[in-house]
Amino acid sequence: MAKQTASNSEKRTSLTRRLCLLIGVVIVLVNIIQLLFVTTNAKKDIVAEDLRMYENMMDGYSAAIQNDIRSYFKELTGYIHADIVEDGDLDALFDWIQDPDHADMRGDFDYVMITGPDGKARTDLGGITDIVERDYFQAIMHEGKEEYVDNPVISKTTGKPVIHISRPLRDADGNKFAMVTGIVNLEKITAEINQIQIGEKGFGYLLASTGVVIAHPQTELIMQRNFLTDQGMSEENTKIARAMTNRERGEGWKKSNTHSGQDLIVYRPVEGTPWSLALSIPDSQIYDLVDTIRTLMIIFAVISVALLASITGILLVSSLKPLNIVEKAISGIASGDADLTKRIEIDSNNEIGYVVKGFNTFAKKLQDIIGDVKGSKDELMVAGENLSGATQDTASSITEIIANIDSMKHQIDGQNQSVNQTAGAVNQIASNIESLEHMIESQSSGVTQASAAVEQMIGNISSVNGSMEKMAHSFNELRANSQTGISKQKTVNDRINEMESQSQMLQEANVAIAAIASQTNLLAMNAAIEAAHAGEAGKGFAVVADEIRKLSETSTAQSKSIGDGINNIRDSIAGVVSASSESSLAFEEVSRKLEETDALVMQIKAAMEEQNEGSQQITEALHNMNDSTVEVRNASSEMQEGNQMILKEVQLLQNAAMAMSQSMEEMSIGARKINETGAALTEVSDQINDSISKIGEQVDKFKV
């Protein structure tokens with residue numbers, strides 16, 4: 001009871017609340033994982049797509065620069081194919097280039113100059129300069145290049161950053177004797193780069209092969225910063241600049257100089273030049289779509305969690321409602337106070353429906369068993385009352401027998417005294433016979449005394465015969481009562497055997513309960529396996545399967561408790577059976593002793609009849625003595641013979657009295673044993689009544 005109270009005092013948890021919370025957590029985790037997965041993949045896909053787009057843009061911008069460079073090379077064609085060039089006269093060519101009439105051939109160049117093998121250059125502006133150390137001079141005149149574009153430098157003529165477009169000049173025989181160079185202001189090249197705008201903050205920039213900035217939205221960097229060698233440049237920026245100066249194609253991330261995030265740098269070499277073009281795009285611009293997707297997914301996840309949690313809660317409450325009814329019914333059965341006529345109405349073919357149907361079947365079986373036990377209890381109570389009454393009647397009869405035996409013993413003691421007196425008288429007669437002739441006068445008085453003694457003996461014998469008749473009648477009644485007790489004891493044994501059969505039915509019902517619990521546990525295990533196969537979608541159902549398994553374990557524990565109670569009842573019934581068997585043996589022993597006592601009584605009765613006949617003979621002899629006093633002398637010898645006969649009869653009477661005394665002692669001992677057996681039988685009857693009452697109290701708590 002203490003354990004049950006402690007169990008009832010434990011805080012009750014709500015399975016529905018726990019499942020809803022668990023499902024909500026699972027849904028949140030799934031959405032978080034999905035969000036991370038989608039955003040990660042989307043980020044990768046967006047970056048990859050943007051890279052493809054930026055690469056295409058890079059190809060377009062690079063092609064545009066290449067076209068500009070190609071156009072500049074084409075503008076030098078008029079100089080290369082001039083008639084004066086075919087003559088191979090360098091001095092005439094110098095004069096020709098400085099002629100103002102040829103200024104219209106300049107086109108988009110700031111100016112044009114012709115350089116001889118010695119590095120001395122003449123410009124169409126009239127100036128002379130030495131370019132022997134310039135890389136474009138080395139490339140054309142000494143390295144044999146047909147076209148060359150150099151890195152921007154500060155022009156010695158204009159003082160502005162310019163690039164040189166150079167081609168060799170050949171005479172009519174194909175001999176290279178000079179080179180022509182068009183000077184292009186760097187702003188014409190960078191104007192197109194500075195117009196590049198990708199989104200709100202994306203831009204393009206151009207690096208020379210030395211790492212010097214050629215074009216950049218921040219004009220203060222142009223020709224002033226070297227991304228490859230300047231101090232304070234980040235490692236990522238230097239790495240990207242090195243790749244660009246190595247004319248590599250690729251992309252990379254670096255810490256932004258304009259915001260807190262990072263910039264994606266996509267770079268390509270510009271074919272035909274020593275430059276590399278790069279696009280810089282901030283990460284916030286690339287990930288705007290990812291952020292939008294993340295926001296929408298978070299909103300959708302919150303809405304889906306709320307909807308799924310609500311729907312799950314409603315479904316769980318409606319689905320688990322029958323289990324709550326089952327739990328209340330099982331608690332009532334476990335407490336021993338339940339209405340077994342109630343059934344749970346449910347129209348469902350799922351696992352919970354089969355559990356409820358199994359419980360209804362179990363309740364019906366338990367109702368039938370308890371009903372049978374109640375009927376057997378009433379019959380056992382009647383049998384117990386009959387046994388108690390029969391035991392009391394037996395005790396009363398045994399008490400009366402003991403009283404009769406005591407009375408008979410007193411009478412036998414009196415008879416023994418009378419027999420002793422008779423023996424003394426006979427001895428006196430024998431002694432007087434010797435002096436009969438001298439004491440003839442006293443013959444009448446002696447005969448009178450003998451006659452009185454014999455009449456008293458006859459009266460005693462008659463009294464003893466009457467007592468023996470009563471004793472025989474009492475023994476007959478006692479034997480009849482003993483047979484009745486044996487019959488009732490058999491009835492009790494039959495009822496006890498029925499109780500044992502009913503307890504066996506209870507045990508079978510308990511086995512059925514255990515089988516139901518085992519099947520429920522197996523069903524829960526199968527459900528857990530299927531839930532595991534279902535993966536994430538089956539986690540919620542796995543929790544339900546686990547709770548069904550716990551309910552099965554609780555049913556198994558209750559079945560074990562019921563089995564223990566049934567075993568206790570069976571042990572009590574076994575004790576009653578043992579006591580009843582001992583009672584039956586006691587009744588049989590009493591019946592046997594009564595038969596032996598009845599035989600002894602019959603022997604005593606036969607002896608008393610013989611003694612009565614002898615007393616009649618003595619009486620006749622005394623009458624003859626009274627009638628024939630005259631013949632006493634003549635018949636003294638006959639009296640002597642008669643005296644011997646009397647002595648023998650007295651001896652027989654003494655022997656019979658002694659045997660009667662011994663028989664009465666044995667009868668007294670047997671009666672006491674019968675009395676003790678009756679007391680033990682009374683205790684057994686009380687134990688049976690107590691067991692029946694206890695069983696009745698437990699069974700009456702159930703309504704059937």
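## Strand 3 and T129

Strand 3 spans residues 128–130 and contains T129. The model is a predicted one. T129 has a relative accessible area of 17%, and since buried means under 20%, T129 is buried.

Leaving aside residues up to four places away in sequence, T129 is in contact with M113, G119, K120, A121 and K156.

L29 belongs to helix 2, which runs over residues 15–75. With a relative accessible area of 48%, L29 is partly exposed.

L29 is also one of the residues of a nonpolar patch on the surface. The patch is formed by L21, V25, V28, L29, I32, I33 and L36, and together these residues have about 640 Å² of accessible area.

## Nonpolar cores

The largest nonpolar core has 49 residues. Within this core, I69, I165, L169 and W275 touch the most other members. Helix 2 gives the most to the core, contributing nine residues.

Another core, of 16 residues, lies apart from the largest one. Its members include L387, V492, A509 and I688. In soluble globular proteins, nonpolar side chains tend to be buried together.

## Helix 7

Helix 7 covers residues 186–194, and its buried residues are L186, I189, T190 and I193. These four residues are on the same side of helix 7, because they cover an arc of only 85° around the axis.

Methods:
Residues numbered from 1 in each chain as written. Predicted model: local features only at pLDDT ≥ 70, side-chain atom pairs only at ≥ 80, totals over all residues. Heavy atoms only, no water. Buried < 20%, exposed > 50% of the residue type's maximum accessible area, 1.4 Å probe, protein only. Helix = DSSP H or I, 4+ residues; strand = E, 2+ residues; numbered from the N terminus. Arc of directions from axis to C-beta. Patch = residues over 30% accessible without salt bridge, like charges linked within 9 Å, V, L, I, M, F, W, Y side chains within 5 Å. Areas by Shrake-Rupley, 256 points an atom, 1.4 Å probe, with all protein chains shown as cover. Salt bridge = Lys/Arg side-chain N within 4 Å of Asp/Glu carboxyl O. Contact = heavy atoms within 4.5 Å. Core = buried A, V, L, I, M, F, W, Y, C linked by side-chain atoms within 4.5 Å.
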